[in-house]
Amino acid sequence: MNGAELLIRCLENEGVRHIWGYPGGAIMPVYDALLGSSIRHYLTRHEQGAAFAAQGLARTTGKPGVCMATSGPGATNLVTGIADAMMDSVPMVAITGQVPSAMLGTDAFQEADVIGMTLPFVKHSWQLESADEIPEVVRDAFQIAGSGRPGPVLIDVPKDVQLALTTGEPLACDSRNDESAPDAVEVARARDLLWHSERPVIYAGGGVRIAGAWNELRAFAEATGAPVVHTLQGLGGVPGDHPQFVGMLGMHGSRAANMAVQESDLLIAVGARFDDRVTGKLDTFAPGASVIHMDVDAAELGKLRRPHASLKGCLRRSLAALAEPTQCAPWRARVDAWKTEHASRYDAPFDSIYAPRLLRDLCEAAPRDAYVCCDVGQHQMWVAQHWKFADPRRHLTSGGLGTMGFGLPAAIGVKTTHSDATVICVSGDGSIMMNIQELATLRRYGLGVKLLVIDNSALGMVRQWQELFFNGRESEVDLSDNPDFAEVARAFGIEAIGIDRADQVPDAIEAFLAAEGPVMLHARIDRAANVWPLVPPGASNSDMLEPTATATEPDERLEPQSV
Amino acid sequence: MRVIACFNDTALLRLLGVVRRRGFCVRSVEANVDGTGRMNVSLALESDRPVDVLIRQIGRLIGVEDVRVEPAVASVAVA
């Protein structure tokens with residue numbers, strides 16, 4: 001057996017059933033070893049697509065996704081997906097071929113120092129020197145990727161190591177994880193803070209999904225009675241229609257959620273990291289609040305905001321340890337009133353498609369357990385604001401790195417992992433072009449992903465910022481020469497529906513959800529549509545901008561209507 | 001700051017990378033590997049950021065066994 005065959009056997013031993021990748025010269029022995037393996041390989045049309053597809057598995061199962069590429073450009077093309085996984089704490093094992101050991105450092109054909117270039121955003125990495133190392137490295141790679149605060153790891157395999165003969169055998173899997181309980185003194189301190197709080201708010205982030213702690217979060221919320229706000233990655237931690245859920249907080253959060261946080265006297269941060277898109281101007285964030293911070297990663301505790309109680313350890317255990325009644329009923333009533341007063345409006349009285357309403361209607365028509373993969377931009381924020389997620393693994397979005405092009409390949413990874421599930425990708429006309437080649441992957445494998453492209457003929461979020469913060473001086477945001485995306489989809493052999501009027505939406509949603517195979521819904525919207533509300537960059541979350549009455553948004557000066 | 005870690009080809013790179021990315025300037029560095037394969041690194045650092053957070057960030061690196069601030073170094077260099 002050679003090193004490549006041993007590598008595949010070790011991956012099988014770790015329970016790997018799917019790999020996304022792209023072959024090339026320096027990884028050909030591994031691709032040869034894949035033939036006859038129990039692992040199914042999916043050929044994406046770009047290595048970045050492979051990395052995001054692997055994230056599709058990882059974000060929805062909690063298990064490491066595996067992607068593979070050759071050396072040089074294959075490896076560099078994986079890098080964005082690896083960095084994205086690091087920022088959002090997604091377990092991933094990336095495998096790259098490498099030039100033969102003797103040629104390392106000689107500027108050989110397709111040589112790139114992938115170990116060096118990924119050091120900032122892997123949990124760990126290995127460049128193999130011997131085939132005999134493979135069993136131990138693969139075991140450690142999966143253990144490290146999936147444990148504690150998950151993240152990506154990289155195994156770089158020189159071609160001579162792939163070809164070297166070995167007598168190695170796979171090692172038993174190492175499934176150790178950090179299930180440690182929080183420190184008892186800190187728990188007592190946190191209980192005291194909770195007991196004395198009159199205005200607590202639960203601020204829950206992506207750690208809840210990662211820890212599989214949404215049931216414990218819900219139990220904690222219901223026991224304490226405290227309002228819940230979510231970060232982008234935390235959405236679904238408590239269901240979107242739960243009465244204690246106030247909304248997303250931060251730059252594009254709801255006014256009620258930001259008001260609740262700003263007025264709180266106790267902020268209970270659960271698997272959240274005080275990201276700048278959440279806090280706005282940090283020293284004005286929740287200015288009167290004490291902080292209880294729960295996280296599995298000690299390095300997050302006190303990184304940006306000093307906690308008054310630090311619960312380092314398993315979130316499920318930390319939440320259970322604090323699930324006791326508080327005295328916040330009057331506060332809940334205040335927050336509920338804000339939530340009603342500032343509820344989203346969907347009654348835009350215009351012929352053109354109003355994206356928030358389209359998304360709300362699609363959410364209501366789609367199965368509750370549908371997976372929704374987003375790209376990055378205005379549509380991403382509209383999904384976050386208007387989709388009601390049942391649990392956090394149903395929402396896949398590139399939050400930390402904010403990578404345009406994430407959505408379609410991530411949806412491919414989800415659909416290959418959960419073949420019976422409804423998988424919807426919501427993209428924009430900028431983002432879809434970042435990885436549009438993966439339409440060929442959809443077609444090749446007949447994956448019934450439902451792709452909604454919200455097309456405003458512009459890089460909408462950048463255009464919105466230029467309008468608001470650069471005196472309307474538009475610079476390189478015009479995409480009015482986009483192709484007809486429905487025609488593009490059809491050219492790839494994918495069914496497509498094109499709409500540009502509000503009255504076409506109901507029938508289009510029905511056809512979109514009824515389609516058996518891959519389908520695109522191309523919805524043209526008004527170029528001037530903006531995402532509201534908005535905290536200007538660098539401002540306090542108390543200083544949210546609201547829409548002015550325009551041709552594209554509901555007039556906030558009118559009384560809300562039932563629609 | 002003194003760091004003890006398992007030595008390998010990339011251990012020092014990883015350590016220095018975290019220090020730089022997290023907003024600390026390295027004013028001096030001494031490193032050696034002992035007979036047990038452990039790397040001992042002494043760093044003089046400068047930053048206005050809290051060093052306890054950096055200690056925990058370095059502590060996340062695979063193979064790091066101990067990180068501590070030595071008072072003599074800290075009083076000179078670390079906020």
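How are helix 10 of chain A and helix 13 of chain A oriented to each other, roughly parallel or roughly antiparallel? They are roughly parallel to each other, a label given to angles under 35 degrees, whereas angles over 145 count as roughly antiparallel, 65 to 115 as roughly perpendicular and the rest as oblique.

The model is predicted, so that local features need pLDDT of at least 70 and side-chain atom pairs count only at pLDDT 80 or more, while totals for chains, interfaces and linings use all residues. Residues are numbered from 1 along each chain as its sequence is written, and chains are lettered from A and ligands numbered from 1 in the order in which they are written.

**Domains of chain A**

The domain assignment, which is automatic or comes from a database, divides chain A into domain 1 (3–163), domain 2 (184–341) and domain 3 (355–524). Between the C-alpha centres of domain 2 of chain A and domain 3 of chain A there are 30 Å. Contact here joins 15 residues of domain 2 of chain A to 14 residues of domain 3 of chain A, two residues being in contact if their C-beta atoms, placed from the backbone, lie within 7 Å. The side of domain 2 of chain A that touches domain 3 of chain A has six nonpolar, seven polar and two charged residues; Ala, Val, Leu, Ile, Met, Phe, Trp, Tyr, Cys and Pro count as nonpolar, Asp, Glu, Lys and Arg as charged, and the others, Gly among them, as polar.

Helices (H or I, at least four residues) and strands (E, at least two) are DSSP runs, numbered from the N terminus. Axes are lines fitted to C-alpha atoms, for helices over the stretch in contact, and angles run from 0 to 180 degrees between N-to-C directions. A crossing is left-handed if the near helix is turned anticlockwise from the far one by less than a right angle, and right-handed if clockwise.

| Helix pair | Axes come within | Crossing angle |
|---|---|---|
| Helix 10 and helix 13 of chain A | 9 Å | roughly 15 degrees |
| Helix 15 and helix 21 of chain A | 10 Å | roughly 45 degrees |

The crossing of helix 10 of chain A and helix 13 of chain A is left-handed, and the contact brings Glu216(A), Leu217(A) and Phe220(A) of helix 10 to Arg316(A), Leu319(A), Ala320(A) and Leu322(A) of helix 13.

Helix 13 of chain A (residues 315–322) is mostly covered, with six of its eight residues buried, where buried means that 20 or more other C-beta atoms lie within 10 Å of the residue's own, with C-beta atoms placed from the backbone. Among the elements that cover these buried residues are helix 8 (184–196), strand 10 (266–270) and strand 12 (309–312) of chain A.

Helix 15 of chain A and helix 21 of chain A are oblique to each other, and their crossing is right-handed. Leu358(A), Asp361(A), Leu362(A) and Ala365(A) in helix 15 of chain A meet Val505(A), Ile509(A) and Leu513(A) in helix 21 of chain A, a set that divides into six nonpolar, no polar and one charged.

Chain B has three helices and four strands, which follow the pattern β-α-β-β-α-β-α along the sequence. Of its 79 residues, 24% count as buried. Contact between the chains involves 11 residues of chain B and 10 residues of chain A. Helix 1 (11–21) and helix 2 (51–59) of chain B each supply at least two residues of the side that touches chain A, and this side of chain B has three nonpolar, three polar and five charged residues.

Technical notes: Buried ≥ 20, exposed ≤ 12 C-beta atoms within 10 Å, placed from the backbone.
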